Amino acid sequence: MGHDHGHDHTHGANKKALFISFILIAGFMIVEAIGGFITNSLALLSDAGHMLSDAVALGVGLVAFIIGEKAADYSKTYGYKRFEILAALFNGITLAFISFYIFYEAYHRFQDPPEVASTGMLIIAIIGLLINILVAWILMRGDTEENLNVRAAFLHVLGDMLGSVGAIVAAVLIMAFGWGWADPVASVIVAFLVLVSGWRVTKDSLHVLMEGTPKNVNLDDVVETLKSVPGLTSIHDLHVWSITSGQNALSCHAVVRENISLKQSQDMLRDIEHRLQHKGIGHVTIQLENEEHPHEDTIMCQMEEQEGHDHHHGHSH
């Protein structure tokens with residue numbers, strides 16, 4: 001039970017961190033967008049675009065947390081926890097679109113660099129950097145390791161910090177040397193960062209949606225752990241997946257010795273659950289079978305074999 005309590009605690013902390021970050025980022029994004037228009041700086045505008053994606057990321061993350069708290073019901077037996085992953089996926093794709101748009105804009109600016117009001121650009125970029133550092137610090141205190149949603153938001157903000165640094169450097173170069181091209185160069189760097197973080201988040205979310213093995217779970221290790229349980233002879237049909245960030249599930253068939261008592265099998269299940277808890281797997285479903293079950297001793301039971309078996313049954317009289 002302690003585990004669940006810990007989960008609730010980090011959940012609350014994550015939600016609060018996201019909420020404060022959302023207010024700060026959304027507020028400054030508006031300032032930066034207006035500043036970008038007034039100073040005519042693409043670097044500021046692209047950073048504002050990045051901040052918009054941040055604000056969306058944080059907002060969607062917040063909504064995901066709130067929806068994810070809805071209890072499980074008959075139509076959604078795992079509750080709404082997966083919404084968080086869908087939010088992260090949506091985020092990743094949005095980031096990719098924003099970056100392509102910035103590339104497109106920068107291309108036109110290289111050909112015809114406009115005048116940029118560099119002093120205003122510098123001031124706004126510095127404030128942006130300070131806000132990003134503050135938000136990154138708030139999110140760092142949340143759960144950036146385990147939670148895909150908080151991590152997505154954190155990556156956004158890190159990219160943003162670099163975006164602000166880029167805008168500061170570009171403003172200084174324009175002020176010192178009159179290098180107008182520094183502005184689109186800074187925006188291209190930001191766009192590239194946006195694209196990379198978008199790709200990562202999208203890839204991770206798809207992995208969860210495809211029921212992939214969680215990154216923090218070593219399957220060989222899990223198999224060894226299960227096989228080391230006294231009285232258990234073999235396992236097959238093993239599946240490990242994530243319901244949402246930090247919530248992993250496992251199901252398998254375990255073959256046990258003959259003449260094992262009900263109490264022994266209950267103790268065995270408790271032992272297995274306890275061992276797997278330490279491997280980061282909280283939801284465990286195990287079907288115990290005795291050796292008479294005609295199953296091959298493999299982890300993944302071959303489907304063809306099963307089909308052949310059924311086919312054979314169909315013909316025997």
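Modeller: With the ring criterion: rings of Phe, Tyr and Trp (its six-membered ring) pair if their centres lie within 6.5 Å, and planes under 30 degrees apart count as stacked, over 60 as edge-to-face and the rest as tilted. This is a predicted model, in which local features need pLDDT of at least 70, side-chain atom pairs count only at pLDDT 80 or more, and totals for chains, interfaces and linings use all residues. Residues are numbered from 1 along each chain as its sequence is written, and side-chain values use heavy atoms, with hydrogens and water left out.

Biologist: How many aromatic pairs does the structure hold?

Modeller: It holds 2. Phe177 and Trp179 are stacked, because their ring centres are 4.6 Å apart and their planes are at 25 degrees. Trp179 also forms a stacked pair with Trp181, at 5.1 Å centre to centre and 20 degrees between the planes.

Biologist: Is Phe177 buried or exposed?

Modeller: Exposed, at 52% relative accessibility. The cut-offs are under 20% relative accessible area for buried and over 50% for exposed, with partly exposed in between (1.4 Å probe, protein chains only). Trp179 is partly exposed at 34%, and Trp181 is partly exposed at 42%.

Biologist: Now the whole protein. How many helices and strands are there?

Modeller: The protein has 9 helices and 3 strands, where helices (H or I, at least four residues) and strands (E, at least two) are DSSP runs numbered from the N terminus. Along the sequence the pattern is α-α-α-α-α-α-α-β-β-α-β-α.

Biologist: What share of the residues is buried?

Modeller: 44% of the 317 residues.
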